[in-house]
Amino acid sequence: MRILVIGSGGREHALLTALSRTSSGEHDLHVAPGNAGMRATWHDVAVDDPAAVTALAREIAADLVVIGPEQPLVSGVADALREAGIPVFGPSQEAAKLEGSKTFAKEVMATAGVRTARAKQVTEPDMVKVELREFGPTFIVKDDGLAGGKGVVVTDDVREAVAHAKAVIEGGNPALLETFLGGPEVSLFCLVDGETVVPLLPAQDHKRAYDGDEGPNTGGMGAYTPLPWLPEDGVQRIVDEVVVPVAHEMVRRGIPYSGLLYAGLAWGDEGPAVIEFNARFGDPETQAVLALLESSLADALYATATGTLADLPPLKWKDGYAATVVLAAEGYPANPRKGAEITGEGLDDSRIVLHAGTAKGENGGYVAAGGRVLNVVGTGATLEEATKVAYDVIEKIQLDGSFYRKDIARPAIDGEITVGPSR
């Protein structure tokens with residue numbers, strides 16, 4: 001099968017690695033635009049240009065196109081590919097509004113009866129402070145558009161909340177104010193084909209930049225899977241109470257969902273409640289989850305793309321745990337430093353080191369080209385073993401000014417995360 005993966009980040013590198021490792025046959029892998037560490041044929045294309053991506057898929061005679069980032073989805077790339085008769089893993093432009101418009105997602109959840117935070121959209125800067133009086137003491141302010149995972153501020157400082165909301169509005173998007181959802185967070189990826197839903201393993205992301213959940217929100221500094229503290233029926237509850245009702249509602253609206261639906265949730269006293277939806281694989285959870293997949297990823301994505309997910313055999317997973325740790329560039333997330341040389345062992349081992357923001361330097365080595373530079377993935381029989389593998393590798397990588405969290409999965413390992421009994 002000839003597969004074209006669209007994107008250049010760690011999520012896309014994880015997809016390529018899993019496609020090459022878990023397959024029912026040899027695959028000819030292509031990527032656009034890709035990054036320096038990806039082992040695939042690279043192509044230069046504007047990923048948010050539907051006509052350009054379709055032309056490339058035709059040129060290489062792709063059997064399947066897998067769209068990684070959110071921007072191509074909300075730009076209608078999947079629609080153009082489907083119109084051309086090319087199987088594509090990724091939702092339509094209308095369905096991708098589950099991520100592209102948080103207000104739309106709230107409307108869908110309200111109709112479907114899915115638990116989520118109370119929210120209000122604000123479009124006038126002068127109204128921000130007035131509307132925030134209905135929220136708090138912990139303020140959640142979101143960019144009601146695409147923000148690359150960095151458009152959310154969670155704070156108890158009303159001045160910070162006001163400043164972020166005004167900046168969002170002045171930048172051209174509405175701001176969404178939300179009530180705070182308590183409880184540990186869960187990320188669940190689900191393959192969705194209309195009303196058919198197939199969950200992957202549950203994971204937990206670490207969003208804050210520094211140890212102890214300190215510092216600014218980021219696109220993610222590390223993740224682990226599965227979750228030893230999640231109730232035994234936790235995944236099924238999320239599927240039954242969140243994903244299936246949303247999938248049914250999308251069908252009812254005439255915009256059936258096809259692709260990967262990422263549900264970011266808080267597990268509170270009443271069970272799961274939705275924080276956000278993403279219309280694609282999330283980063284960095286993708287790296288950890290796919291590291292444990294034994295079934296053919298290509299078969300699963302192709303079945304979703306061609307409307308045959310219901311016929312796919314149950315997914316098989318390796319025993320044990322996986323964890324991924326992000327190496328971030330100096331200044332991330334506000335102003336990451338680019339161009340610094342990356343050295344150390346294992347940089348070419350795509351089973352463990354997944355490139356995200358890297359490029360080839362003048363001397364043939366790797367240099368930083370983004371905020372989250374690398375992801376190091378470890379697996380093991382226990383969660384502690386998995387994180388040790390990742391840290392043993394990341395400690396040997398040198399990048400001036402870079403940093404990484406030293407406590408990925410530590411609260412789970414130490415038994416500090418608990419939830420109430422499942423009903």
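You are looking at a predicted model, in which local features need pLDDT of at least 70 and side-chain atom pairs count only at pLDDT 80 or more, while totals for chains, interfaces and linings use all residues. Residues are numbered from 1 along each chain as its sequence is written, and side-chain values use heavy atoms, with hydrogens and water left out.

Stay on Thr-155 and show its side chain together with that of Glu-160: the two make a polar contact at 2.8 Å (a pair of N or O atoms within 3.5 Å; within protein, one must be able to donate a hydrogen and the other to accept it, and residues adjacent in sequence count only if both atoms are side-chain atoms). Is Thr-155 buried or exposed? Thr-155 is buried, with a relative accessible area of 6% (buried means under 20%, exposed over 50%, partly exposed in between, using a 1.4 Å probe and protein chains only).

Next, colour strand E8, where Thr-155 is found. Helices (H or I, at least four residues) and strands (E, at least two) are DSSP runs numbered from the N terminus.

Now widen the selection to the open sheet, whose 4 strands run in the order E6-E9-E7-E8 with antiparallel pairing (two strands pair if DSSP finds at least two bridges between them). The edge strands, each pairing on one side only, are E6 (119-122) and E8 (152-155). From one strand to the next, the twist averages 20° (axes are lines fitted to C-alpha atoms, for helices over the stretch in contact, and angles run from 0 to 180 degrees between N-to-C directions).

Bring in the helices. Helix H6 (residues 102-112) packs on the sheet and touches E6, E7 (139-143) and E9, its direction making about 45° with that of E9. Helix H8 (residues 158-170) also packs on the sheet, touching E6, E7, E8 and E9, and its direction makes about 15° with that of E7.

For a close-up, select E6 and E9 (residues 175-178), which pair in the antiparallel sense over 4 bridges. Click Gln-121 and you will find its bridge partner in E9, Leu-176.

Finally, zoom out to the whole chain, with its 13 helices and 23 strands. Its C-alpha atoms fill a box of roughly 55 × 50 × 45 Å along the principal axes. Of its 423 residues, 57% count as buried.

Methods
Contact = heavy atoms within 4.5 Å.
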